[in-house]
Amino acid sequence: MRLENIKYDFPTMPKEIKDMIEQEVEKQANIKYPKFKKAKRAAGRTLAASLAAVMLFGTTVFAGVSVYRMRQEKAGAAGVNVKITKSGGTQEKGGTATAGNAAAAGSKAAAGNAAAEGNAAAAGSAVDIAAAKEPRDIPYVKMEASYLPAGMVQTEQGKYSYQNALYKGGISIVFYYMDTKDSDFQMLHGDVISSEDITVNGHEGVYLEYQNLLPEDEIAFNQRIYVAFTDLHYVMEMYVGSDVTKEEALKTAKGIKLAKAANGKEEGVVQAFNWSEYLAREQEQESQKDQDFVFQDTATKSEMEHTHIIGEQFELEDGLMASVTDVQVSDNFSLLPQSAIDGDFQKELGADGKLRPALIQYIKGGSVDSVSELVKSHEVPQKLIYATVEYTNTGSKEQKDVLFFGSLARIKEEGGQMRIAAEGQYEKPSKTDTWTQASNRSLSHAFEMQYYDVHGGERGNNYIASIKPGETVTVHMGWLATEEELGQLYISLDPAGGASEFTDSSLKMGYVDIRQK
């Protein structure tokens with residue numbers, strides 16, 4: 001499996017996972033779950049022994065004639081492969097043969113008797129019998145979170161954050177349903193500083209903690225918890241922020257319960273994505289890894305011939321014209337309304353009311369063989385970029401719910417070509433540098449507009465409700481940039497982006513040159 005490097009930002013979820021979840025949400029009423037073959041009936045005289053074995057082993061499911069268990073497997077000095085393994089009808093070494101697990105299964109007395117007798121042969125036989133009682137299909141399920149840390153609230157299905165830091169850390173949960181077989185599940189992680197096998201209400205799992213080089217006041221998703229609900233053929237992956245302690249994270253995981261739902265349309269049904277699709281995408285990426293992918297981070301000067309100056313009007317589409325009429329640069333937030341200076345903006349202010357400097361960290365990235373290292377760091381001044389943009393309808397029909405989008409590109413000339421910086425890429429290492437990435441840890445790392453004063457659409461976000469023929473609507477947008485970048489700034493008004501990569505549409509529409517001389 002591919003090594004995941006998704007511990008800092010969330011959605012730090014891999015793009016392929018986000019895509020699959022979105023697809024599953026769209027087709028939630030039409031999910032087709034695989035059917036399992038019918039199993040033989042267990043003999044009545046062995047049912048009691050079978051139940052005792054389930055409680056004794058503390059495992060979560062028996063399929064075929066195998067016990068399915070989630071375990072961690074070390075991979076290099078800093079790598080962990082989280083996987084589900086199976087054993088043929090006997091308990092694996094290091095199993096959880098305790099009365100405590102049996103009590104969680106609902107029969108403390110039965111577990112106590114089984115443990116006291118130490119009847120391994122009987123237990124193994126019972127495993128085989130229980131294995132024959134595999135489910136015929138994978139059910140729809142609903143999730144219940146019976147415990148949340150104090151001050152934490154649910155923001156949407158499977159996502160939780162503290163009230164004083166909404167959408168910034170906390171816990172986010174995704175599920176996989178194992179439509180191939182349970183033992184196909186494995187996830188390889190690098191940059192791991194600690195890991196351990198855990199048991200959650202009789203279900204086995206793994207806890208991981210990654211190296212975290214963010215400043216103390218920043219939140220990283222540097223913890224991960226996996227739990228195998230193999231009785232239902234689901235695996236839970238829990239992303240945990242650094243604002244949540246390990247103890248609270250484990251308590252939350254122990255409070256997660258899955259219950260069968262009547263159908264896929266029932267409210268609250270878990271929107272899992274299937275493992276077969278995940279594997280297919282992995283195989284596709286593996287087969288294409290040696291192919292040349294075109295990521296256009298350079299453009300010729302002729303390709304940028306449509307670049308506009310401040311005050312120039314140009315067409316977006318269908319007679320909708322745009323013009324960046326004014327750009328101001330400030331070292332504070334005095335250009336913004338007071339109501340906008342909260343949350344992320346507030347964190348960027350110093351005691352003197354001016355913008356704090358941006359922290360630039362130079363990091364040697366981690367892998368399965370090593371953890372990340374901070375090589376050096378320095379601070380650079382930040383500036384607010386405040387732009388006035390006018391949208392004019394030159395057509396004959398009213399335009400409604402007009403999406404507007406402004407992104408701040410960093411473009412500089414190198415060797416006769418124009419090079420655009422990828423988002424989060426502050427500087428590229430040379431061949432002699434020991435660091436592998438330079439990261440801006442402040443708000444000036446972002447390319448998308450961080451402030452706008454016109455809101456519309458169903459969600460009240462970046463839409464203009466209506467522009468009548470001949471009418472002009474003025475929008476103010478704001479970004480943060482470092483002082484060093486002021487001579488490289490361009491605005492893209494392409495709704496499809498264009499700030500971290502040159503695209504056909506962004507080059508055709510043209511960037512607005514707002515470089516500060």
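Predicted model: local features only at pLDDT ≥ 70, side-chain atom pairs only at ≥ 80, totals over all residues.
Let me start with Arg 69, which is buried, with a relative accessible area of 2%, where buried means under 20% relative accessible area, exposed means over 50%, and partly exposed lies in between, for a 1.4 Å probe and protein chains only. Residues are numbered from 1 along each chain as its sequence is written, and side-chain values use heavy atoms, with hydrogens and water left out.

What does Arg 69 form a salt bridge with? The partner of Arg 69 is Glu 204, with the closest N and O atoms 2.5 Å apart, a salt bridge being a side-chain nitrogen of Lys or Arg within 4 Å of a carboxyl oxygen of Asp or Glu. Arg 69 lies in strand 2 (residues 66-74) and Glu 204 in strand 10 (residues 203-210), so the pair ties together parts that are 135 residues apart in sequence; helices (H or I, at least four residues) and strands (E, at least two) are DSSP runs, numbered from the N terminus. Glu 204 is buried as well, at a relative accessible area of 3%.

Glu 204 also forms a salt bridge with Arg 71, where the closest N and O atoms are 3.3 Å apart. Because Arg 71 lies in strand 2 and Glu 204 in strand 10, this pair ties together parts that are 133 residues apart in sequence, and both Arg 71 and Glu 204 are buried.

Glu 277 is buried at 17% relative accessible area, and Arg 281 is buried at 18%.

Elsewhere, salt bridges that share partners join Asp 297, Lys 412, Glu 414, Arg 419 and Lys 428 into one network, and a search of the whole structure finds 20 salt bridges.

Now to the nonpolar cores, each a set of buried Ala, Val, Leu, Ile, Met, Phe, Trp, Tyr and Cys residues joined through side-chain atoms within 4.5 Å. In the largest nonpolar core, which has 31 residues, Tyr 391 and Leu 493 touch the most other members. Several strands each supply at least two residues of this core, including strand 16 (313-317) and strand 20 (382-393), while strand 27 gives the most, with five residues. Apart from this core lies another, of 28 residues, among them Val 141, Ile 225, Phe 229 and Ala 272.
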